[in-house]
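Q: Hi! I've just opened my structure and I'd like to learn how to read it, one feature at a time. Can you walk me through it?

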Amino acid sequence: MKKMLSILLILLTGLLTLPALNLKAADTLVYTDSDYARLHAVIQHVDNVLKYGHEYNEDTKLIPDAINTLTGEPARWTFPNRAQVPYADIANQQNFFRTLVALSNVTGSDKYKNEAVDIMGEFMTNYQSPNGLFYWGGHRAINLDTLEVQSTEGPNGPHELKNMMPFYELMMEVDEERTLKFMRQLWTAHFYWSTTDMNRHGSYSTAYDTNVFGQSIPGDVIVMDNDGNPIIPQDSPGLLPFVNSATDLAYAAFALSNHTFDTVPAEWAKYLMRQYNLASNPITGMTVYQFKSTLVSKSPIECSDPAYTNSGCGDRVARQFRDFGVIAREPNVAWKNTQAIYVDNILMLLEAADKYGVSHFADWARDYMEGYLEYAYIRVDGRNKIIPMFIDGTVTYGYVVPEVGYFGPSNMRIDYVDMPTTYLLPILRTILQQDNDADKEKLWSYFRDIVYTFGIGDIGELGGATPNLNIDTSIDDPFALMTMVELYDETKNPAYLEVARTIGNNIVREKFHRGFFVQSEIMLYSRLDQPDTLALLTLDAVLRGIDLDDMPFYLADSGYIHGYLLSDDGVVEDRSYTQNVIYTKTIFDWE
Amino acid sequence: MKKRYIFVLLILLFMLIGCTEGEPVEDSNPTEMTMSECRDTPLAVGCYIPSTDLDHISTVPVEYLIDENFDTERINQAPRNWLLYKNEEYKADGVKAMIAEADGGNLFVKMYSDGLRAPAFPQSAPTPTFIFTTKFNLDIDRKGIAYGSIWIPSEVPSNSISLGVSTGAVNTISVVIGSDLKVNVKVGGPFFYYSGSGDGGTEYQTAFTLTKDLWYDFRFEWDASLNEVKAFIIIDNVESLLYSGEFHISNKVNAEESGAILVPNVFKVTMPRYMSGWAYLDNVKVERKGE
């Protein structure tokens, strides 16, 4: 007996000591000083944004969309007559709100989340139209000088959200009633129940409808021809159903259903998303930017100048690319606005599949991504590129545009388009949300090539086995960082985490300047919606053992303002976006 | 002894059970990593070092003026400090502005426009083809005086032309010399983005008609504190008032009467779309306006 007990003791001791050699840190990862250094930079950035953002006008808690890192002052929208408006467009600050909440999560201090609540609270209380829409989005902002609503499109710029995907969890916490009212009115103002038209623009004078989802869901807009191809109606009277606006409508409806347990809004969201799915090309799987084309409503004389690109003159691709025949329609372009389709919309579909149980959205996401990558992805000169084409696979590469139009000037040669790193997350999340390995393999293969081409190394076999990652990668990209963090979170393979740490260090080294995160050292503005800080906090959370489900989730950073402004030369009028005119400024452009 | 064995065994069993709940090994080089002391106190003194006040630059505008007689420019070259607008749709020689020399040695700018293209915005407004500009800054004074001289040639096809001062893209006050050589004054506009009605400012007729092949001098004044703009023509050193009035609404914030006046910062010469021809420019000057 004694001998048996001794043998048992020796066996057990052996069993325990082998893993115990490594398991001294098994309950937690080692959080190093280098890890803290990244967090330190994020805290400094946030503190500076709050300090200088609040300092500009102490009569408000609102802060500007971007801060001039040379002056500490807000970015300003400059109208054609030089009127300058420092702007706070809360729709464009969603990643900052997510950053504030995430920062409270990782630091254990409520002060950052409280800031988010205070800012959001003041905005929601003071800047909601009586009809329920907030004064935010593509054409409205708050003037930080006067604290009045400023339109950039005209005296009454419309409501417009394109892939802004507000942080509804926070908004619900701040003011549930106003949030629900907004979500409902978003549909009333943008969706035309009688005609199933959808308008990216919503009016602030559309009355609030308490029975907004009370209509019965109609038949599908998209029907098939005898060959099984979708028929895209060309009857939209200027109400173009851009997928970027539809993404926001669907996201609001899902969030509304989830909160109220009323399934009807979610059914409408599914109906709306189904129209894009039905309009997809049945052969390639690539999907559309819009499921309707516009009706010609202007006279031939008005439309005789090709530079006049009003949608009332008809489909703008049909006008400028008529050499390509009937496929040349705005819905079918697969080289411009693809971020809206294959990144922002996919991320929303996957969020809906994951959080709200719309599992077939994950299948759609796979179909879209597989089709797009199979036909349009190419590696050229060691870089990830997109082959310009229509969604039936008709290539436009090399085409020289004969005349000016919506898509650019005359004599413009259509070339490969760089694939941005933003594609990493939708591809990865699509893979991770497939139930069967067989459904993952094709996308994983593309994903592996794409990640490698971005210089991150080989992610290995499906499931995260045998990676051979570039631990010294120079990439300093938040999407690459979030991708590696989510890969680690899924596989628990520490190799991904080590690369994530490298990318995080690169981001801090290359982008943290003058007290703020900027796109690069020479860029003038620190934009609140930038995803870098949220990505760094995602990494920090994983290192602390915080579940990613408990962290604010990255969905988009598409916030913008669009309207009339003074062009860069300072002497002619332009109509453009903050992303093109303001956030492209460098420290050398500052006068 | 048996009890002791059983006791040790039980301890080891408990340890084993506890270990099975743990995470797999995470760190590739755990021996090289040490836990940061700031992990659990990231905001504590000794860990977090707040930014000192950032060293920001002043936002007070730097004022500067214009004094251009073009005498130091190179012949057949575009003058320095001036911007001639073009976009991808313009023909290579669709618009031109180049230094020329008169018989007496005076240098001036010959300007040509084919009238075929124009900036894309504002749409539906009478946007000119030829836009030739230089900048100044009197944003602190908020008042000033500008001069410019125009010659309508007979040796080549001449063009309608305007010259004056603008606030960015929007005209403040200018003179418009038509193809009939009559002189009008235009105040404000276009402010199309706001009204949506093709607002092109307000044009006032004068009694003056120019003659070709002579230099005509014009003077423009503005004073935001008095809400006043003026235009003069100077012939043989005699100054004649062409117009005096308030700033146009398009020179105010949001084109509202209550909006602050936006003062000019651009000296601008334009020739219209759909008309082609030449005009000459000289002696552009912006100076401070006294009390």
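A: In chain B, among contacts with a separation of 6 or more, 63% are between residues 24 or more positions apart. Some housekeeping: this is a predicted model, where local features need pLDDT of at least 70, side-chain atom pairs count only at pLDDT 80 or more, and totals for chains, interfaces and linings use all residues. Residues are numbered from 1 along each chain as its sequence is written, while chains are lettered from A and ligands numbered from 1 in the order in which they are written.

Q: How many helices and strands does chain B have?

A: Helices (H or I, at least four residues) and strands (E, at least two) are DSSP runs, numbered from the N terminus. For chain B that gives two helices and 15 strands.

Q: And what share of chain B counts as buried?

A: A residue is buried if 20 or more other C-beta atoms lie within 10 Å of its own, exposed if 12 or fewer, and partly exposed in between, with C-beta atoms placed from the backbone. Of the 291 residues in chain B, 38% count as buried.

Q: What is the strand order in the open sheet of four strands in chain A?

A: Strands of a sheet pair through backbone hydrogen bonds, either parallel or antiparallel. Here, two strands pair if DSSP finds at least two bridges between them. The order in chain A is β2-β3-β4-β5, with antiparallel pairing. Since β2 (76-78) and β5 (149-151) of chain A stand at the edges with a single partner strand each, one side of each is left without a neighbour in the sheet. On average, neighbouring strands of this sheet are turned by 55° against each other, direction ignored.

Q: What does a hairpin look like, say the one formed by β12(B) and β13(B)?

A: Strand β12 (residues 228-235) and strand β13 (residues 238-245) of chain B run antiparallel and are joined by seven bridges. B:Phe232, for example, is the bridge partner of B:Leu241 in β13(B). Two residues sit between the strands, and B:Asp236 in the turn has a positive phi of about 50°.
Now look at chain A: strand β18 (residues 562-566) and strand β19 (residues 573-577) pair in the antiparallel sense over five bridges. A:Leu566 has A:Glu573 in β19(A) as its bridge partner. This hairpin has six residues between the strands, and A:Gly570 takes a positive phi near 80°.

Q: Which residues have a positive phi although they are not a glycine?

A: Most residues other than glycine have a negative phi, and most peptide bonds are trans. One to look at is A:Asn411, with a positive phi of about 65°. A:Asn411 is in the loop between β11 (383-386) and β12 (417-418) of chain A, and counts as exposed because 12 other C-beta atoms lie within 10 Å. Another is A:Arg514, with a positive phi of about 55°, in the loop between β15 (512-513) and β16 (516-517) of chain A. A:Arg514 has 19 C-beta neighbours inside 10 Å, so A:Arg514 counts as partly exposed.

Q: Where is the cis peptide bond with omega about -5°?

A: That bond joins B:Phe121 and B:Pro122. B:Pro122 is found in the loop between β4 (107-113) and β5 (130-135) of chain B. The peptide bond from B:Gly189 to B:Pro190 is cis too, with omega near -10°, and B:Pro190 is in the loop between β9 (182-187) and α2 (192-195) of chain B.

Q: At what angle do the axes of α7 and α8 of chain A cross?

A: Axes are lines fitted to C-alpha atoms, for helices over the stretch in contact, and angles run from 0 to 180 degrees between N-to-C directions. Helix α7 (residues 243-260) and helix α8 (residues 264-278) of chain A cross at roughly 155°, and their axes come within 7 Å. Angles under 35 degrees count as roughly parallel, over 145 as roughly antiparallel, 65 to 115 as roughly perpendicular and the rest as oblique. So α7(A) and α8(A) are roughly antiparallel to each other.

Conventions:
Contact = placed C-beta atoms within 7 Å.
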